[in-house]
Amino acid sequence: MSDTRRRVKVYTLNEDRQWDDRGTGHVSSTFVERLKGISLLVRAESDGSLLLESKISPNTAYQKQQDTLIVWSEAENYDLALSFQEKAGCDEIWEKICQVQGKDPALEITQDPIDESEEERFEEMPETSHLVELPPCELARLEEIADLVTSVLSSPIRREKLALALMSEGYMKKLLQLFQVCEDLDNREGLHHLYEIIRGVLFLNKAALFEVMFSDDCIMDVVGCLEFDPSLVQPKKHREFLTKTAKFKEVIPITDSELRQKIHQTYRVQYIQDIILPTPSVFEENFLSTLTSFIFFNKVEIVSMLQEDEKFLTEVFAQLTDEATDDGKRRELVNFFKEFCAFSQTLQPQNRDAFFKTLANLGILPALEIVMGMDDLQVRAAATDIFSYLVEFSPSMVREFVMQEPQQTDDDVLLINVVIKQMICDSDPELGGAVQLMGLLRTLIDPENMLAPTNKTEKTEFLSFFYKYCMQVLTVPLLASTVDEKNCKDLQEGSTKINPVCPDNFQTAQLLALILELLTFCVEHHTYHIKTYIMNKDLLRRVLVLMNSKHTFLALCALRFMRRVIGQKDEYYNRYIVKGNLFEPVINTLLDNGTRYNLLNSAIIELFEFIKVEDIKSLIAHIIDNYYKALESIEYVQTFKGLKGRYEQEKDRQTLRLNRYRRDARTLDEDEDEEMWFNEDGEAIEKSRPEEEFPESYGKYMEAKKVKESDNKENFPKRTPTGSFKFTFSHSAGAANGANCKPATSPTSAASPNGSPAKSATPPATPVVKTAMVGLVDYPDDEDEEDEDEEQSPRKRPRLGS
């Protein structure tokens, strides 16, 4: 359908009394066989799918609001609305609804919403009682009018009838004229009655009345009536605020008078709802739902009108980025965009998507980059709010922009670095702005929102960009505020934790805590990039310096960072911690804390408990070997005794494994005895080892073999009285010191505790090789003797000569 008259948006009212946009389409009224009646059908303009199918029920109350809205309820707590692009289309459908229900299209509502409890009583009433008779609009009758308005609020039927009566014969305008008379006469009693009347009329919740009351010539009188609350000694000065204090600034002249009037009206009605009217009670919450809807649709209309005026927005951006624009003007422009973005939050997702894409195309991000670096605090705060709207809407759009920047500008003026510097330099003692910016940075670097299938490389590319250009800027305060632990201890004075190199003022501590929170997030979500950065910068050591801070919350942040590192259960991290003795500051803090049972104590105990439960062997061995003497006295928890138990279990396991390897090695050596070649000094050279397994030894072996073949000398074994053949190894002093013979490392010494090959098989000291008798054939009689020898010294296979 191309008829714009029938183009509508479908809205439903959610549980929070906010309107949700269900889509845009074209409406028609037609007979539906399944529903057995004339129905309203809305088909989506994008794909023709059915957005709405609603039978026009003879008993449903339909309301027409603001000339382009039709609102009704289909079931309890299920309200619907059609927002028409053109008034003509709204009128056409309204006439169809009235035709089905047999009502006059001139009315704004087709039915009276009758409660079941009152339906019978209403039907029994005489015809004349269907109307509410209003007293004459006179000064002397104000009390009577006020009592009438107040009395009907508890009855939906009487509220409807009163609303119809008030809309007839210009009654509302007559009441507001009486307000001017009372104010001129300073008639406080009459003014108090008018307050009750106007407040009650607002609670009637009727859009048609709002159209009259919020018109340009009536709204200030409405505000005036609401100034004279009988419970106040002195009236409020709301009109003075709206006319003198609150200034409407047109950063760029708005030529559309309708748009200007709509902005004025929306601001004043919002002021009435938020400032003037008291907070509604539980029983009054739904009384102002139509007022909320009135403001909502006004905002939607304002945003749509501004967005469609490309000339206006283009001019705003041009002045915002123009260097010649003075600071005052630029402040007004930024505040305008802040309000503009705030209004956009009333839009539904698809409309908000189009809105922010329009801003992005016009250059909102480069403009923000300029204004966020300005010295004006108000401008920076407003720019931060705008930036938060953009990040919340589309982190990917922001990331795409910042990744293109290094090609065009220096690192110092990258948008993310500007954000980081603003966070670091926040002058607020409570760091309110820094907290907000830290949240935005966290959103931008969160891999969870980098999983869009349209750009699978976004995560890798952006994180590489962030760690290359931005991470060093983020960690500047941390690295500048910490030194290595030794120096930090030297600078402490006595038992008090005063460290001039590690600033302990509250604001600096808060900033460091924010940075640590972000880094902890990185450890958990950026496995590779943050690991490389921590290793290169020795970052964990620097962080643990903050365990000495007098601010417990900062010490806990440092501990949480280490806990997250250990929680990764990554052996690279574990070796880094062991090599750097990085448990020392944690254990010192635990010991300094003494017997105090506090959060710091519990957090440290939980760290060691985690290591015990997860059985992280390398860390357990390091803790027990280096710190158990200091920890064994702690008995109020079983954590450290448990660590010791784990350590002993692993030690026993290693011993068993060592003995098994020794037995396997002995069997292997005996099987290979007959394949040994010997040099003239009695030194054994292993035969037929593959070249690829021992490449260096193999070459030396081949050279030695050629020498032996040329010399053609052999040693023959002597027969023992038992009948076996034994060789006697004779070694010179040099051989005993390893000059001529280097025994091969046994399988157990060549393996790490977990069974993986070790990098170095060199024994810690040069063993003295004793003269031994090796039987070529294994006889049972020799087993006891061999076992005894095994216990004293593991049998080692000779390594090929060097």
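Author: A cavity is a set of points, on a 1 Å grid over the protein atoms alone, where a 1.4 Å probe fits but cannot get out, and its lining residues have an atom within 4 Å of a point. Grid points are joined across faces, edges and corners, and a volume is the space filled by probe spheres set on the points. Please note that this is a predicted model, in which local features need pLDDT of at least 70, side-chain atom pairs count only at pLDDT 80 or more, and totals for chains, interfaces and linings use all residues. Residues are numbered from 1 along each chain as its sequence is written, and side-chain values use heavy atoms, with hydrogens and water left out.

Reader: How many cavities of 30 Å³ or more does the structure hold, and which residues line the largest cavity?

Author: There are 3 cavities of 30 Å³ or more, and the largest cavity contains about 100 Å³ of space. Its lining consists of Gln63, Lys64, Gln65, Glu108, Ile109, Glu160, Ala163, Leu164, Met167, Lys206, Ala207 and Ala208. By class, 6 of these residues are nonpolar, 2 polar and 4 charged; here Ala, Val, Leu, Ile, Met, Phe, Trp, Tyr, Cys and Pro count as nonpolar, Asp, Glu, Lys and Arg as charged, and the others, Gly among them, as polar.

Reader: Which helix gives the largest share of that lining?

Author: Helices (H or I, at least four residues) and strands (E, at least two) are DSSP runs, numbered from the N terminus. Helix H4 gives the largest share, 4 residues. At least two lining residues come from each of strand E5 (62–65), helix H4 (156–167) and helix H7 (207–213).

Reader: How many aromatic pairs are found in the whole structure?

Author: Rings of Phe, Tyr and Trp (its six-membered ring) pair if their centres lie within 6.5 Å; planes under 30 degrees apart count as stacked, over 60 as edge-to-face and the rest as tilted. The whole structure has 25 aromatic pairs. One of them is the tilted pair of Tyr62 and Trp72, with 5.3 Å centre to centre and 40° between the planes. Tyr62 belongs to strand E5 and Trp72 to strand E6 (residues 69–75), so this pair ties together parts 10 residues apart in sequence.

Reader: Are Tyr62 and Trp72 buried or exposed?

Author: Buried means under 20% relative accessible area, exposed over 50%, and partly exposed in between (1.4 Å probe, protein chains only). Tyr62 is buried because its relative accessibility is 1%, and Trp72 is buried at 2%. Phe506 and Phe553 form another aromatic pair, which is edge-to-face, with 5.9 Å centre to centre and 70° between the planes. This pair links distant parts of the chain, 47 residues apart: Phe506 is in helix H24 (residues 506–525) and Phe553 in helix H27 (residues 552–567). Phe506 is partly exposed at 42%, and Phe553 is partly exposed at 31%.

Reader: Which residues do ring pairs link into a cluster?

Author: The cluster joins Phe312, Phe317, Phe336, Phe337, Phe340, Phe355, Phe356 and Phe393.

Reader: Where does the charged end of Arg399 sit?

Author: A charge sits over a ring if NZ of Lys or CZ of Arg is within 6 Å of the ring centre and within 35 degrees of the ring normal. The charged end of Arg399 is over the ring of Phe462, 5.8 Å from its centre. Likewise, Lys644 lies over the face of Tyr628, 5.1 Å from the ring centre.

Notes: On a 1 Å grid over the protein atoms alone, a cavity is a set of points where a 1.4 Å probe fits but cannot get out, and a pocket is an open set with protein on both sides within 12 Å along at least five of seven lines; lining residues have an atom within 4 Å of a point.
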